[in-house]
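Here's a quick tour to read alongside the model. Keep the viewer open and follow along topic by topic.

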Amino acid sequence: MSEPAPMSGFEVDLTNCDREPIHILGSVQPFGFLLAVNSDWLVIHASTTTLRYLGLAPADLIGKPLSQVLGGHALHNIRGRLQIMRGADAVERMFGQPLVDGGEDFDLALHYSGRLLIIEGEPSHPDVLIEAASAVRSMTTRIAARPTFEDFCHEAARQVRALTEFDRVMVYRFAHDGAGEVIAESVRPGIGSFLGQRYPASDIPVQARALYERNWLRIIADVDAEVSPIIPPTSPAGEPVDLSMSMLRAVSPIHIEYLRNMGVAASLSISILRDGKLWGLFACHHYAPKHISYERRTAAELFGQLFSLTLESREREIETRRMAEARNLHDRMMSAVVSAPQGADSLIPFLERPVPPGRLRWPGPVARGAADPARTPRQTPATSTLCCAFCGKRTPIRSSRPTRSPACCPRRPSGRRRRRA
């Protein structure tokens with residue numbers, strides 16, 4: 001894909017790509033056309049691909065009423081879809097819509113960008129192999145049957161690859177610091193695996209992540225394709241067209257170079273959100289140019305949304321279960337301390353319970369020394385070892401009274417606690 005013309009004089013390179021305004025690149029990919037219409041239904045902007053798809057050059061469209069560009073039936077249907085559009089980032093889709101009477105069918109995407117209505121279209125390719133609702137229902141059923149998190153993610157990657165037919169599909173999860181890791185993958189035989197690979201946060205800049213949170217799906221059909229500029233590049237007020245929600249938005253030259261270096265010719269990204277924030281991505285790579293129908297992309301986007309909801313539900317169930325287990329253990333421990341006469345030794349049964357990795361605990365059961373069986377726990381001199389809460393060192397204790405940490409601990413806070421009056 002050729003590099004889009006920089007907007008506002010911004011020259012992008014590796015030192016400033018994290019500040020590149022990728023939502024106003026001023027160009028679209030060539031597999032469709034774009035029209036921007038104002039509130040008076042006059043064409044304000046048009047991509048140069050309108051000549052190919054509509055038979056009219058941008059110069060012949062600018063300032064013309066949309067009713068002179070599209071047929072009455074198409075315009076009526078567009079107005080009807082706008083009546084049901086809700087939300088700032090809502091996108092309405094129309095499949096198999098002829099733009100003029102007896103003309104070619106197009107798939108359309110409608111959304112608002114500020115005060116402009118953006119109409120994007122691409123030739124309709126009826127996908128006889130897929131019916132979106134049935135496909136997504138089957139995919140969701142398959143992932144829901146997977147009991148573990150790992151199986152859940154791997155099955156999702158397999159389902160996305162079966163739907164999109166890309167060479168590689170990865171489930172890419174972001175850490176708290178923004179770095180990413182490939183936690184699941186489905187890949188065509190004969191090419192290497194990226195499973196387990198980690199990438200720095202700079203791989204996906206902040207502004208790109210923000211767009212992924214707004215726009216669920218992003219396709220790059222051919223990294224070597226010639227982009228189509230938007231004419232004119234700015235409005236009379238000097239503002240470029242915001243393409244944040246565009247399905248045709250051109251690609252940053254830095255990202256194009258990144259894909260070329262990997263040998264990738266086409267890519268598809270599907271967002272995975274949790275609580276409205278970017279949790280990860282389905283990252284799809286193909287090693288030859290690849291364009292899939294808008295209907296199939298819509299099915300992939302819907303699956304991404306359902307996967308996100310299922311993921312969020314499962315994680316909340318795990319969190320709720322762990323909180324309930326922690327409360328139950330706390331209540332039992334407090335009850336044991338209050339009711340039992342042996343003080344700290346009453347916690348020994350709880351220390352013998354296995355604890356998942358990463359949770360604070362005294363490591364291992366407290367080892368008792370030999371004692372006279374005839375003597376009660378209260379009478380038995382303690383020869384146990386206590387694990388320090390500060391440094392983890394085990395220290396023999398000879399008292400049954402609870403102790404926070406050995407006095408000799410180098411990490412023990414130096415301040416003394418005041419006695420209550």
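**The big picture**

Of the chain's 421 residues, 45% count as buried (under 20% relative accessible area, with exposed meaning over 50% and partly exposed in between, using a 1.4 Å probe and protein chains only). This is a predicted model, where local features need pLDDT of at least 70, side-chain atom pairs count only at pLDDT 80 or more, and totals for chains, interfaces and linings use all residues. Residues are numbered from 1 along each chain as its sequence is written, and side-chain values use heavy atoms, leaving out hydrogens and water.

**Overall make-up**

- The chain's secondary structure comes to 9 helices and 15 strands; these are DSSP runs numbered from the N terminus, with helices being H or I of at least four residues and strands being E of at least two.
- Among contacts in the chain with a separation of 6 or more, 59% come from residues 24 or more positions apart; contact here means heavy atoms within 4.5 Å.

**The cores**

- The largest nonpolar core has 44 residues, and V171, L268, F282, F303 and F307 touch the most other members.
- A nonpolar core, by the way, is a set of buried Ala, Val, Leu, Ile, Met, Phe, Trp, Tyr and Cys residues joined through side-chain atoms within 4.5 Å.
- Take F307: leaving aside neighbours within four places in sequence, F307 is in contact with I143, F152, C153, A156, I272 and F282.
- There's also a second, separate core of 23 residues, which includes A46, A74, L75 and L110.

- An open sheet is built from 6 strands in the order 9-8-7-13-12-10, and the pairing is antiparallel; two strands pair if DSSP finds at least two bridges between them.
- Strand 9 (198–199) and strand 10 (217–220) are the edges: each has a single partner strand, so one side of each is left without a neighbour in the sheet.
- Strand 12 (residues 266–274) and strand 13 (residues 277–286) pair over 9 antiparallel bridges, and I270 sits opposite F282 in strand 13.
- Helix 7 (residues 253–261) packs on the sheet, touching strands 9, 10, 12 and 13, and its direction makes about 65 degrees with that of strand 10. Such angles run from 0 to 180 degrees between N-to-C directions, and axes are lines fitted to C-alpha atoms, for helices over the stretch in contact.
- Helix 8 (residues 294–339) packs on the sheet too, touching strand 10, strand 12 and strand 13, with its direction at about 35 degrees to that of strand 12.

**Strand 7 and its partners**

- Strand 7 (residues 168–174) is mostly covered, with 6 of its 7 residues buried.
- On strand 8 (residues 180–187), 7 bridges join up with strand 7 in an antiparallel run, and A184 is the bridge partner of V171.
- The hairpin of strand 7 and strand 8 has 5 residues between the strands, and G178 in that hairpin takes a positive phi near 95 degrees.
- Strand 7 also pairs with strand 13, antiparallel over 6 bridges; R168 has H285 as its bridge partner there.

**Helix packing**

- Helix 4 (residues 132–144) and helix 8 pack at about 30 degrees with axes 9 Å apart.
- Helix 4 and helix 8 are therefore roughly parallel (under 35 degrees; over 145 is roughly antiparallel, 65 to 115 roughly perpendicular, and the rest oblique).
- In that contact, A132, V136, M139, T140, I143 and A144 of helix 4 meet E295, A299, L302, F303, L306, F307 and R314 of helix 8.
- Helix 4 and helix 5 (residues 149–164) have axes that come within 9 Å and cross at roughly 160 degrees, so the two are roughly antiparallel.
- Here M139, R142 and I143 of helix 4 meet F152, E155, A156, Q159, V160 and L163 of helix 5.

- Most residues other than glycine have a negative phi, and most peptide bonds are trans.
- I231 and P232 are joined by a cis peptide bond, with omega about -15 degrees; P232 is in the loop between strand 11 (228–231) and helix 7.
- W41, in the loop between strand 2 (33–37) and strand 3 (43–47), has a positive phi near 60 degrees.
- D275, in the loop between strand 12 and strand 13, has a positive phi of about 55 degrees though it isn't a glycine.
- D275 counts as partly exposed at 43% relative accessibility.
- R316 lies in helix 8 and is partly exposed at 38%; not counting residues up to four places away in sequence, R316 touches R274 and D275.
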